[in-house]
Amino acid sequence: MRVLGLESSCDETAAAIVDDGTLVRSDVVASQHEVHARYGGVVPELASRAHILNVVPVVQAALERAGSTLDDIDGIAVTNAPGLVGALLVGLQTAKALAWVTGKPLVGVHHLHGHLSAIYLEPDPPPHPHLALIVSGGHTSLVRVDGHGDVSELGATRDDAAGEAFDKGAKLLGLGYPGGMVIDTLAQTGNPKAVELPRSMTGAETGWDFSFSGLKTALLHHVRAHGTPEGQALSDLCASYQAAIVEVLVRKTRRAARREGLHHVQICGGVAANSGLRTAMTAAGVEDDFRVYVPKPARCTDNAAMIAAAGYHRLVRGERDGLGLDASPSSPLSRRAEERAGER
Ligand code: KG4
Ligand code: ZN
């Protein structure tokens, strides 16, 4: 089954053609980072306008690169939640128009189900059940994955997401937007023990939730007290800041893997591209006997191949959305695991 995927939930306009939820025929991403960089974060109205300009050329490029036409497509999958609603609507309206003129089936995809599906585009994906750590610019969640689309959220961030912590930290240090990649690069030559920063909510009594806003405030206090560093001191501060985020993510993930008795762990979302996180999680897996799976860096950040992969599984289950499908700025990934347990 050949699926056209569309993604426009934030600041990437993306389209992709994927066969059978695994084989990527084309994967086109038009990033808007240049549009937003001068503001230090995504400006929703500018994002919507850039999506309008980009969406048709991006879909055309995806079809051309796949050597495909709309006639060859068996279904259309589009991110409809969560995200910036004006941005989501551009991809959604395009997908609906294409579904209407071609008569092909349409399914909406939850953006985080998309991130969870990026790993199935890799040659050796994890089996079910497995544990997933979703770390993106807008979300941080620990999730048990029992099957395609069958997920239970164990915990999530109570305030800033991990990617948001990277972005806000980078903004504070004058490193531009998006900040994750810049901090990652500088951290590689820095000393992670140079500056003491808090590791919040790591005690067993804090469950599976995360909090990163205190770390950002600690960085602010450090910069106020010592000024914005340069050269080696900047690399040291970036390494220390990154280590504080990574340590919390790894500690909670390994505890959750142990409790759930899971030996396969995937990391996905933009922050999964972080080299420090990849290395630390892999080392934890060696110690605790779980295998770590991470999509290639370009499939950690937003793309439409992951949306096509997630949509494929909805389509093969026979699920369809009508042209009344709506966009939603927020949408739960799943019911909380405890709620499900309570129903059993
Ligand atoms: O998944 P994504 O593309 O968009 C959302 O769904 O939010 O994630 C974007 C986030 C940004 O916060 C960005 O700074 C972060 O992923 N990111 C990274 C790295 N590459 C992207 N964070 C840490 N290290 C990286 N190498
Ligand atoms: Zn994302």
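User: How are the donor residues of the zinc ion (ligand 2) spaced in sequence?

Analyst: Keep in mind that this is a predicted model. In sequence, the spacing of the donors of the zinc ion (ligand 2) is H-x3-H-x186-D.

User: Which atoms coordinate the zinc ion (ligand 2)?

Analyst: The zinc ion (ligand 2) is held by NE2 of His-111, NE2 of His-115 and OD of Asp-302, at 2.0 to 2.1 Å.

User: And is His-111 buried or exposed?

Analyst: His-111 is buried, and Asp-302 is buried as well.

User: Switching topic, how much space lies in the largest pocket, and which residues lie nearest its centre?

Analyst: The largest pocket holds about 1100 Å³ of space, and among its 38 lining residues, Ser-136, Gly-137, Gly-138, Asp-167 and Tyr-177 lie nearest the centre. Two or more lining residues come from each of H4, helix H5 (162-172), helix H6 (180-187) and H10, and the largest share, six residues, is given by H5.

User: What classes of residue are in that lining?

Analyst: The lining of the largest pocket has 16 polar, 14 nonpolar and eight charged residues.

User: Where does the largest pocket lie relative to the domains?

Analyst: The largest pocket lies between domain 1 (2-116 + 300-332) and domain 2 (127-294), because both of them give residues to its lining.

Notes. Residues are numbered from 1 along each chain as its sequence is written. Chains are lettered from A and ligands numbered from 1 in the order in which they are written. This is a predicted model: local features need pLDDT of at least 70, side-chain atom pairs count only at pLDDT 80 or more; totals for chains, interfaces and linings use all residues. Side-chain values use heavy atoms; hydrogens and water are left out. Donors are N, O and S atoms within 2.8 Å of the metal (3.2 Å for Na, K and Ca); water is not among the atoms, so sites may look incomplete. Buried means under 20% relative accessible area, exposed over 50%, partly exposed in between (1.4 Å probe, protein chains only). On a 1 Å grid over the protein atoms alone, a cavity is a set of points where a 1.4 Å probe fits but cannot get out, and a pocket is an open set with protein on both sides within 12 Å along at least five of seven lines; lining residues have an atom within 4 Å of a point. Grid points are joined across faces, edges and corners, and a volume is the space filled by probe spheres set on the points. Helices (H or I, at least four residues) and strands (E, at least two) are DSSP runs, numbered from the N terminus. Ala, Val, Leu, Ile, Met, Phe, Trp, Tyr, Cys and Pro count as nonpolar, Asp, Glu, Lys and Arg as charged, and the others, Gly among them, as polar. Domain bounds come from an automatic or database domain assignment.
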